[in-house]
Amino acid sequence: MSNLLPSHLFPKAWETFKRRPWLVMGISLVYGISGVFVPPPVLGLLLLLLAGPIRGGYDMAMLRLVRGDDSVSFDDVFAGFSKFRRLLFTWCLYALAVFGGALLFIVPGIILGLALWPAFLLVMEDELSPVEAIEGAWVLTSGHKLELFVLSLATFVGLFVGALIFGIGLLVALPMTQLAWVRAYHEMRLSPEAP
């Protein structure tokens with residue numbers, strides 16, 4: 001059975017963070033600000049093109065760290081570009097699902113956001129197509145939506161506290177929360193009932 005409680009995931013995330021803090025903060029910074037310094041007219045298009053591959057590379061680098069692989073380097077945040085088309089279309093499907101769900105009274109958008117977030121890792125790890133990754137994410141997270149909602153609340157609190165510390169706390173809070181989410185994915189994949 002997967003343990004997706006924040007009281008389990010965040011201490012595990014802290015253990016991972018402590019092993020390679022500068023690397024984790026560096027790749028999280030790239031992930032967090034990719035596109036911020038791009039001139040506004042091309043920002044939308046560039047973010048559309050970069051969002052999926054950066055997310056895939058970032059999530060996979062974090063997953064490797066969660067699994068104890070200390071050979072991860074800064075360049076691994078860009079590993080998603082080797083699967084550019086798949087991750088671009090996965091991001092488009094994910095964004096359309098979440099945005100479409102949000103138009104239906106917000107709650108469906110939240111549910112879809114929680115249910116489909118592992119799709120990028122499924123593309124990176126299992127070489128799935130975008131549609132297969134979206135379907136696989138839904139199956140992987142089935143039965144865990146409430147736990148993931150609680151994790152999202154803990155994430156909000158963590159990021160809020162990080163922002164209160166002159167914003168500098170986000171350098172730790174952002175990677176910590178992402179490590180907790182990736183650890184949740186890892187736990188779900190190890191579960192005997194996982195697809």
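Visitor: Why is tyrosine 94 called buried in this predicted model?

Guide: Tyrosine 94 has a relative accessible area of 16%, and because buried means under 20%, the residue belongs in that class.

Visitor: What makes the pair of tyrosine 94 and phenylalanine 120 edge-to-face?

Guide: The structure holds seven aromatic pairs, among them this one, in which the ring centres are 5.6 Å apart and the planes stand at 70 degrees. Rings pair if their centres lie within 6.5 Å, and planes over 60 degrees apart count as edge-to-face, so the name applies to tyrosine 94 and phenylalanine 120. Tyrosine 94 lies in helix H4 (residues 84-103) and phenylalanine 120 in helix H6 (residues 119-126), so the contact ties together parts that are 26 residues apart in sequence.

Visitor: How do you know whether phenylalanine 120 is buried or exposed?

Guide: Its relative accessibility is 0%, and since the cut-off for buried is under 20%, phenylalanine 120 counts as buried.

Visitor: Why is the pair of tryptophan 117 and tryptophan 181 called edge-to-face?

Guide: Their ring centres are 5.1 Å apart and their planes are at 85 degrees; with limits of within 6.5 Å for the centres and over 60 degrees for the planes, the pair is therefore edge-to-face. Tryptophan 117 sits in the loop between helix H5 (107-116) and H6, while tryptophan 181 sits in helix H9 (residues 170-190), and the pair links these distant parts of the chain, 64 residues apart.

Visitor: What makes tryptophan 117 and tryptophan 181 buried?

Guide: Tryptophan 117 has 6% relative accessibility and tryptophan 181 a relative accessible area of 11%, so under the 20% limit tryptophan 117 counts as buried, and tryptophan 181 is buried too.

Notes: Residues are numbered from 1 along each chain as its sequence is written. This is a predicted model: local features need pLDDT of at least 70, side-chain atom pairs count only at pLDDT 80 or more; totals for chains, interfaces and linings use all residues. Side-chain values use heavy atoms; hydrogens and water are left out. Rings of Phe, Tyr and Trp (its six-membered ring) pair if their centres lie within 6.5 Å; planes under 30 degrees apart count as stacked, over 60 as edge-to-face and the rest as tilted. Helices (H or I, at least four residues) and strands (E, at least two) are DSSP runs, numbered from the N terminus. Buried means under 20% relative accessible area, exposed over 50%, partly exposed in between (1.4 Å probe, protein chains only).
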